[in-house]
Amino acid sequence: MTGHLSEPLRACLPVREELDIVLARTCARELARRGGFPDAATEAAATAISEVARNIIVHAGMGEILLEVVKERGRRELVVLACDRGPGIPDLDRAMLDGYSTAGGLGLGLSSARRLMDEFHVVSRVGKGTVVTMKKWAA
Amino acid sequence: MSVPVLRLGDVLIASIQAALTDRDLLQLRDDLSDQVGRFRARGVIVDVTALDVLDSSAIRTVRDLAHTTRLRGARTVVVGIQPEVAFAMVQLGLTLEGVATALDLDEGLALLRQEDA
């Protein structure tokens, strides 16, 4: 069972335009700070959230990001859910490779986010959308 | 949000004051390329101390900025990368290769003067 912190540290953020990328990572930073995360873990999570938020804008146009600090097995974790109802990712294995992009970018979004987080999981259905779940541990 | 650019002799100093969107950073790249010509600048310093995140898109834009101004005849030095930002960049595997960096504004100016001499 997930034990919550005394103060609920969670947020649900719409991602519709570029500015929302900045707002999502700013909010994540604030939650991580209040959750007592070290600076390096906070920065890594904020950077990963920036990547997945941009992926939503570029590939799906809109979506949302849910953030929550939870206590699991005595450890604080920042849990990130990035969801969209976009076109989905046809070839997930390729999408996770460095330098693979369908949108003309650097193709580093998903692989970057995975490197920066402690846990990373993607579920995608073509024509339905994509959900990225990732976690950063406080220690 | 636009980034203020100051002139100090033949050096342009762009001091980023807050978190920027992708578009703001692209605008800075274009503005600096333009101003290098207008003010006949020889050096450019981009101070990223207040930038919250250097993700893959921001790193690409900063790298492009440095290469663009180089082609326009000015050297760019990126200063003020914070320790935790540097650590995240290393984890990302993106390290601004080919771009000069310095600890802060003073060190950046010293580096440009050194190269001028």
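## A buried pair in chain A

Arg54(A) and Glu51(A) are both buried. They also pair up: in this predicted model, Arg54(A) makes a salt bridge with Glu51(A), with 3.8 Å between the closest N and O atoms. Both sit in helix H2 (residues 39–60) of chain A, and because they are three residues apart there, about one helical turn separates them.

Next up is Lys136(A), which forms a salt bridge with Asp118(A), and here the closest N and O atoms are 3.9 Å apart.

Lys136(A) is buried, at 8% relative accessible area, whereas Asp118(A) comes out as partly exposed at 33%.

## A network, and the overall count

Chain A also has a salt-bridge network, which links Glu72(A), Arg75(A), Glu77(A), Glu119(A) and Lys135(A). Over all chains, the structure holds 15 salt bridges.

## A helical pair in chain B

Over in chain B, the side chains of Arg38(B) and Asp34(B) meet in a salt bridge, at 2.8 Å from N to O. Both residues lie in helix H1 (residues 22–38) of chain B, four residues apart, so about one turn of the helix.

As for solvent, Arg38(B) counts as exposed, with 52% relative accessibility; the cut-off for that label is over 50%.

## The fold of chain B

Chain B has four helices and five strands. Going along the sequence, they come in the order β-β-α-β-α-β-α-β-α. The radius of gyration of chain B is 13 Å, close to the 13 Å that the globule rule gives for 117 residues, so chain B is as compact as a globular protein of that length. Its C-alpha trace spans about 35 × 30 × 25 Å along the principal axes.

Looking at contacts in chain B with a separation of 6 or more, 72% are between residues 24 or more positions apart.

## Surface and charge in chain B

Of the 117 residues in chain B, 48% count as buried. The chain exposes about 5,700 Å², and carbon and sulfur atoms supply 49% of that area.

On the charge side, chain B carries 12 positive and 17 negative charges, and their mean positions are 9 Å apart.

Terms used:
Residues are numbered from 1 along each chain as its sequence is written. Chains are lettered from A and ligands numbered from 1 in the order in which they are written. This is a predicted model: local features need pLDDT of at least 70, side-chain atom pairs count only at pLDDT 80 or more; totals for chains, interfaces and linings use all residues. Side-chain values use heavy atoms; hydrogens and water are left out. A salt bridge is a side-chain nitrogen of Lys or Arg within 4 Å of a carboxyl oxygen of Asp or Glu. Helices (H or I, at least four residues) and strands (E, at least two) are DSSP runs, numbered from the N terminus. Buried means under 20% relative accessible area, exposed over 50%, partly exposed in between (1.4 Å probe, protein chains only). The radius of gyration is taken over C-alpha atoms; the globule rule is 2.2 Å times the number of residues to the power 0.38. Contact means heavy atoms within 4.5 Å. Accessible areas come from the Shrake-Rupley method with a 1.4 Å probe; for residues, only the protein chains shown count as cover. Lys and Arg count as positive and Asp and Glu as negative; His and the chain ends are not counted. The place of a charge is taken as NZ of Lys, CZ of Arg, CG of Asp or CD of Glu.
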